[in-house]
Amino acid sequence: MRKIAILGSTGSIGTQTLEVVEANPERFSVEVLTANNHVDLLIEQALKFHPDSVVIANEEKYPLLRDALQHEDIKVFAGADALAQIVTFADVDLVVTALVGYSGLIPTVNAIKAGKNIALANKETLVVAGELVNESVAEHRVAILPVDSEHSAIFQCLAGESRSKAEKLILTASGGPFRGKDRAFLEKVTPADALKHPNWHMGAKVTIDSASMMNKGFEVIEAKWLFGMKPEQIEVVVHPQSIVHSMVQFTDGCVKAQLGVPDMRLPIQYALTFPERTTADFGRLDFKVCHSLTFEQPDEKTFRNLGLAYEAMRQGGNMPCILNAANEVAVAAFLQGRLSFTGMSDLIEKTMQQVDFLKKPTLEDYMETDRLTREIARKNVSPKIPPL
């Protein structure tokens, strides 16, 4: 019985993780559930899975959560500090970090320091502070198991292989809803248009990042830290069918790929049960109806976020942290109608040029970089844009 904590249990990854848990009651017990705002769903989950502890980050919703669970043997906490600390004293074997954006960094760092293995769905943790996180992972001898479908695919392709024999990682991208469109088209895109992903069901932030190719840029940076590769060893190809989830090219020229239907429960379950591969009733890939698998180069001139991510990765230091914070402000402004779709890239690039670069930042430096970047980025949009 593996004891798990799910940070961000009400989001897309969190709810699908609970589906995997529910299908395997003999394998998992849920010890911790957390949410930011969705208190009603958190209550429903708590009553169903009976965790030891629950946390609602939004303290205004604490009374509702407390009252709903007052007759249950469940500890109830609220606030960002409780969210950041809950896994350090919880009796868990594995922490699923399914929080969105920068908010996942401190809870993940704390979980690593507490000796907990991590099923990582919060790619921003490694984007923002990959070097620091990897050093902590080595120091505390814990494992990071990737949950993103692309990184899970690479992880599976590398199973039984020597990492030193991996010559290149090839991350696949669906291309999102605007594949093949030009800049003139993108300038008129609305949030409703951008939220219509052709293959995957995800939260709003990740869906916008996918449409802008920033999500793929983040995945490139994450792959660097997960698998110890250089920027020039990580390639992105557009694969509209989302059947090949990623590939590894080896030093003898062989390429291994992981294929499957686009269902996030598969990589989630693989991370939860690793090193076992457990039977599941997920959909199967039927090659009798899967007639073509196509690949093409990404259009970095139109979708500039991918190039900005490569630039941030090459610079290193706190630049990926700047990239992430500026992007979070840009996405929020776009969803609020304060910034155009193409304006997101303009804002990110401008902000990257305005924040001081640090080559070897500490955790405190990352936190200050994030704060300062958001302040500058918000001023670049509008003095009235609310803080994130």
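Because the model is predicted, local features are reported at pLDDT of at least 70 and side-chain atom pairs only at pLDDT 80 or more, whereas totals for chains, interfaces and linings use all residues. Residues are numbered from 1 along each chain as its sequence is written, and side-chain values use heavy atoms, with hydrogens and water left out.

The protein chain is divided into domain 1 (1-145) and domain 2 (150-261 + 283-314), with bounds that come from an automatic or database domain assignment. A distance of 27 Å separates the C-alpha centres of domain 1 and domain 2. Twelve residues of domain 1 are in contact with twelve residues of domain 2, contact meaning heavy atoms within 4.5 Å. The size of an interface is often given as the accessible area lost when the parts come together. Between domain 1 and domain 2, about 1,100 Å² is buried, and carbon and sulfur atoms give 69% of this area. On the side of domain 1, the residues that lose the most area to domain 2 are Lys123, Leu126 and Val127, which together account for 46% of what that side buries. Buried area is here the accessible area (1.4 Å probe) that two parts lose on being put together, summed over both.

Side chains of opposite charge can pair when their charged atoms come close. A salt bridge is defined as a side-chain nitrogen of Lys or Arg within 4 Å of a carboxyl oxygen of Asp or Glu. By this rule the structure holds 27 salt bridges, and one salt bridge is found across the interface of domain 1 and domain 2. The side chains of Glu124 and Lys205 form a salt bridge with an N to O distance of 3.6 Å.

In another pair, the side chains of Lys256 and Glu161 meet at 3.3 Å, N to O. Helices (H or I, at least four residues) and strands (E, at least two) are DSSP runs, numbered from the N terminus. Lys256 is partly exposed because its relative accessible area is 26%, and Glu161 is likewise partly exposed, at 34%. In these terms, buried means under 20% relative accessible area, exposed over 50%, and partly exposed in between (1.4 Å probe, protein chains only).

Glu187 and Arg183 also form a salt bridge, with their closest N and O atoms 3.4 Å apart. Glu187 has a relative accessible area of 43% and Arg183 one of 31%, so Arg183 is partly exposed. Arg183 and Glu187 belong to a network of salt bridges that also links Arg304, Asp346 and Glu349.

A further salt bridge joins Glu375 and Arg371, whose closest N and O atoms are 3.0 Å apart. These two residues are four residues apart in helix α16, so about one helical turn separates Glu375 from Arg371. Glu375, at 29% relative accessibility, is partly exposed, as is Arg371 at 40%.

Helix α16 (residues 363-381) also contains Ala377. Ala377 counts as buried because its relative accessibility is 0%. When residues up to four places away in sequence are not counted, Ala377 touches Ala326, Val329, Leu347 and Thr351. Ala377 and Leu347 are 30 residues apart in sequence, yet their C-alpha atoms are 7.0 Å apart in space.

Several loops carry particular backbone features. The peptide bond from Phe274 to Pro275 is cis, with omega near 15 degrees, and Pro275 is placed in the loop between α12 and α13. Met213, although not a glycine, has a positive phi of about 75 degrees. Met213 lies in the loop between α10 (204-212) and α11 (214-227) and is buried, at 5% relative accessibility. Ser242 is another residue other than glycine with a positive phi, near 55 degrees. The loop between β9 (234-238) and β10 (244-250) holds Ser242, which is buried at 6% relative accessibility.

Leu293 is found in the loop between α12 (265-273) and α13 (304-315) and is partly exposed, at 32% relative accessibility.
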